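Reader: I have a structure open and would like to go through it with you. Could we take the sheets, then the ligand?

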Amino acid sequence: MSVAIIALNQTGADFARTVMPSIPDSLLYGLEGRTEDVDIPFQDFGETLRQLFQAGTPIIGVCAAGILIRTLASVLTNKWQEPPVLAIAEDGSAVVPLLGGLQGANDLARHLAALLNIEPAITTPGELRFRAALLSPPAGYTLVNPEDAKTFLSNLLAGESVKLIGTAPWLQQSQLPLTETGSLTIEVTEQDPTTSPSPEHLVYRFHPQAAKTGHLAIVGTGPGAMEWMSPEVQRVLRSATDWVGYKTYLKLVEPLRPSHTICHRSDNRVERDRAHLALNLAAQGRSVAVISSGDPGIFAMAAAVFEILEQEANPAWEQISIQVCPGISAMQAAAAQVGAPLGHDFCVISLSDILKPWSVIAQRLTAAAQADFAIAIYNPVSKQRTWQLQQAKDLLLQWRAPETPLILAQSVGRSAQAIIVKTLAQLSVEDTDMRTVILIGSSQTRTLARQDGTPWVYTPRSYPFS
Ligand code: SAH
């Protein structure tokens, strides 16, 4: 059945359009004179709302919860039959399931909340206390005797315990009081149940083929240029229903975006929120691409997703199939522009001290310099963080010759690309920005003049035998 989204003004209608692509079969109802370009204009709000409600149509009001409650009060008669009714704030800051909690309002609220990266205002006690929506189980499970659920839930809330027959991760990892000797039973089966369903015996039929397997691909788009993006990543981006990523990276791949794909843009620093959102969307059966520049496993989103996955161990995320699609990292693209400066042993260090203390960074720089690795430096500076690069230079100069070749590669693969070859002694903080990767040679790294006057830089594959 289609979902009616109701807007009372243009701000609400515009907002509704941003969430509608993720709600299949939704229609936008708009108040005449206050909204334009809606699917169904209406004049009488009360009449329209009550008619939709009585026809069992799920309703999302982009308006105050109070208006919905007052308007529907006269037609609220049977909580087992009412369709989902939700209020959503027109700036997307709140979503409140009001009615029809038993008919999927909470699921719809969770879906919208995941999309908007907020927490849904779920108040249903059974769900809250037991962390399991017995009346609206995950896809793949059907409750055989919903008519018994009310009594079953009341008994649970009164303190009775449950024996589980069969397996279902969403029940096992809930906070239901599961015991071998439970006075109530929940049975999960693909066949006929052992005992006929009753108010003491809930039965869920499991349909393996219907279980939603959402998909989460964490992709690396390479440094910027389209020809440095793998065909696999391009394919994943084209087939995803949702893109999640830092807004600058999303802009870079915008030409690949099919019109139905929803973009979830965020700021650079909120990697954990982004990972969370992506997992929640995938848990709803969507096909999500989390977008990193370069390689997703190098100072980027892949690790962020696995961190959240492990720390939160959310059962709803179990069905998700996860894939990491590699990309060309900034250091590889930069190295290729000047020859082969990383041609022998090298290491990679981020100078950002947001996620690790400077003492660790300083110690690693020193160890890398002592071990004579060529070094790629990511995140050399940011707007707030500039002294680290100067300190790194001083540390390296204690172990490495001032004339060691150094490459400053800025915006590699993008229109503003600038690549400069210098020496370690010439490195200055002013030469770098957030989009620069720095490559520093080992004691063996050499330069070679090319015809246009700029040098090739390479590190030979052999090392002197002493
Ligand atoms: N996953 C990315 C790195 C993200 S960390 C990758 O594999 O390339 C962000 C840092 O990467 C930046 O501060 C900069 O040091 C480097 N970087 C990312 N894109 C770059 C580009 N196009 N040119 C130069 N450096 C880049």
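Reader: What is the strand order in the open sheet of five strands?

Author: The order is β17-β18-β21-β19-β20, with mixed pairing. Strands are DSSP runs of E with at least two residues, helices are runs of H or I with at least four residues, and both are numbered from the N terminus. Two strands pair if DSSP finds at least two bridges between them. Please note that this is a predicted model, in which local features need pLDDT of at least 70 and side-chain atom pairs count only at pLDDT 80 or more, while totals for chains, interfaces and linings use all residues. Residues are numbered from 1 along each chain as its sequence is written.

Reader: How do β19 and β20 run, parallel or antiparallel?

Author: They run antiparallel and are joined by six bridges. Ile407 stands opposite Val421 in β20.

Reader: Which helix packs on the sheet?

Author: Helix α12 (residues 330–338) does, touching β17, β18 (374–378), β19, β20 and β21. Its direction makes about 60 degrees with that of β21. Contact here is between residues whose C-beta atoms, placed from the backbone, lie within 7 Å.

Reader: Turning to the ligand, how many residues surround it?

Author: There are 23, and the closest are Pro223, Gly294, Ser329, Ala330 and Val412. A residue counts as near if its C-beta atom, placed from the backbone, lies within 6 Å of the molecule. The elements giving two or more residues to this shell are β19 (405–410) and β21 (436–440).

Reader: Why does the ligand lie between two domains?

Author: Domain 3 (215–328) and domain 4 (331–458) both give residues to the shell, so the ligand lies between them. Domain bounds come from an automatic or database domain assignment.

Reader: And the other open sheet, of six strands: what is its order?

Author: That order is β3-β2-β1-β4-β5-β6, again with mixed pairing. β3 (40–42) and β6 (95–99) stand at the edges with a single partner strand each, so one side of each is left without a neighbour in the sheet. The twist averages 25 degrees from one strand to the next.

Reader: In β5, what is the bridge partner of Gly61?

Author: The partner is Ala87. Strands β4 (residues 59–62) and β5 (residues 85–88) pair in the parallel sense over three bridges.

Definitions and conventions. Axes fitted to C-alpha atoms, helices over the stretch in contact; angles between N-to-C directions. Contact = placed C-beta atoms within 7 Å.
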